[in-house]
Each structure stands twice: as structure tokens, then as C-alpha cells.
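Try each one yourself before reading the solution.

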Amino acid sequence: MGRAGDLTPREAYELVRDDGDAVLVDVRTEAEWRFVGVPDTTATGRAPVFASWLPVEEDAPGARFLAELAAAGVTAERGGPVVFLCRSGQRSVGAAEAATAAGIVPSYNVLDGFEGPLDADGHRGGAGWRAEGLPWRQS
């Protein structure tokens, strides 16, 4: 069973804004949160969850990530949609799939992530959460 699907950044924001049970999980690294910025969901009354998706554990890939989600209250028992966001919409696919496999459903990936893919000049920022003008803040 795979993730529930993919959402555009705007669809993701609207889901989190309009569904009181929805949660946004930013799976980037602490350096990305600190130096690039983070989604601002204060208008929803719920802060994003910050849990890095780095599936490098040899014995149980994703185990640390799932433990971070559980510590933030994002579990299979919680219910409600979970939206996963990374830099460009790639890491968040793995995070959404790992969450789905752990029973955290429905889990969605945000297409283009926070900054979007690299453009022809090797720069990010032409697509994604920030480029769509969605709320964000510099930390």
C-alpha cells in the first residue's frame, strides 16, 4: 500500500488550513529549517512538525524518523491526514511511504516541496511552497 498521493503546495496548505485533524510534517534537515526558512501554519492554530527524513539506519531504515513522529503525536492511532514536505518533493515521498507502511494514513507528499527543483542555472526557488506565496518564515 503506497502513500495516499501527491498534493500541490497550495492543495497541501488548504488541506492543513481547512481540516483540523491535518498536520504538516517538514522532513528537511535542521540546517534547511534554520537557513532556508519554514512553512508558517500559525493561521491554522497548529505548528508544523519537524522530523528529518534521513533513512540511513542500517538495521531499521526510518525507525528514528517514525520515533520522532510518534514523539510529536503523529501515530497510526491519531487519525487525520498527514502532509509531508521536503526541499523539492523527493525525500517527502519516502517519508510518506514509510508513514503509510507504519499505518499513518492518509499520508501525502507535497510536489515541488518548499523550494522546488533545480532550474537550468542550478538554482532553486522557481516552484514549491515559497514560490507559490504560501506563508513561511525565516528562523
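Two exercises follow, each with a worked solution. The model is predicted, so local features need pLDDT of at least 70 and side-chain atom pairs count only at pLDDT 80 or more, while totals for chains, interfaces and linings use all residues. Numbering runs from 1 along each chain as its sequence is written, and side-chain values use heavy atoms, with hydrogens and water left out.

**Exercise 1.** Find the buried residues of helix 4 and what covers them.

*Solution.* 
- Start with helix 4, residues 91-101 (helices are DSSP runs of H or I, at least four residues; strands are E runs, at least two; both are numbered from the N terminus).
- Pick out the buried ones (under 20% relative accessible area, 1.4 Å probe, protein chains only): Ser92, Ala95, Ala96, Ala98, Ala99 and Thr100.
- Now look at the cover, which includes helix 3 (63-71), strand 5 (82-85) and strand 6 (107-110).

**Exercise 2.** Is serine 107 buried or exposed, and what does serine 107 touch?

*Solution.* 
- Serine 107 sits in strand 6.
- Its relative accessibility is 0%, so serine 107 counts as buried.
- Leaving out residues up to four places away in sequence, its contacts (heavy atoms within 4.5 Å) include Ala96, Ala99 and Thr100.

Methods:
Buried < 20%, exposed > 50% of the residue type's maximum accessible area, 1.4 Å probe, protein only.
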